[in-house]
Amino acid sequence: MTIHSRVRRALAASSIGLAVAAGGLASASTAQAYDTGHTTISCKAVKVRKDPSKKSTVVGIAYRHDKVAYDQFAYKRAEKTWYTRGAVTRKSDGKKIRGYMIYDCANPYESNPAPKPSTPK
């Protein structure tokens, strides 16, 4: 194997790696991933939905002081609304519900209204 073919293979491998990394960054424009954190529900009740949308299927309801382990925030441009994705553990029955909640009710600051992340452009 000549030096030229080794260099070409190394360049091809690095360009593929860069393309994969750039593709991953480009697809995350509406959702921001963060380290997992814990908070509680600050609203009287909030619907937990399958997707970050007001029209999405409701998978359960979380109530004030239920615990949330969150791992992502998503901004829905059409609704101009932030959502928190995570797993809610209800105090009343211990049931775990995974999905998206409105950010104002499930935020890492445990207060309402919450300081929201900056709006994506």
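Let's start at Val88, which touches Val48, Ala62, Asp66, Lys67, Val68, Lys95, Lys96, Ile97 and Met101, leaving aside residues up to four places away in sequence; contact here means heavy atoms within 4.5 Å. Keep in mind that this is a predicted model: local features need pLDDT of at least 70, side-chain atom pairs count only at pLDDT 80 or more, and totals for chains, interfaces and linings use all residues. Residues are numbered from 1 along each chain as its sequence is written, and side-chain values use heavy atoms, with hydrogens and water left out.

Val88 also turns up in the largest nonpolar core, a set of 16 residues in which Ile41, Val46, Val48, Ala62, Val68, Val88 and Met101 have the most contacts. (Such a core joins buried Ala, Val, Leu, Ile, Met, Phe, Trp, Tyr and Cys residues through side-chain atoms within 4.5 Å; buried is under 20% relative accessible area, exposed over 50%, partly exposed in between, with a 1.4 Å probe and protein chains only.) Strand 2, strand 4 (67–76), strand 5 (81–89) and strand 6 each put in at least two residues, and strand 4 gives the most, with four. Strands are DSSP runs of E, at least two residues, numbered from the N terminus.

Now for the sulfurs. There's one disulfide, meaning a pair of cysteine sulfur atoms within 2.5 Å: Cys43 and Cys105, with sulfurs 1.9 Å apart. Cys43 sits in the loop between strand 1 (31–40) and strand 2 (45–49), and Cys105 in the segment after strand 6 (96–102), so the bond ties together parts 62 residues apart in sequence. Its S-S torsion is about -80 degrees, so it's left-handed. Cys43 counts as buried at 12% relative accessibility, and Cys105 does at 9%.
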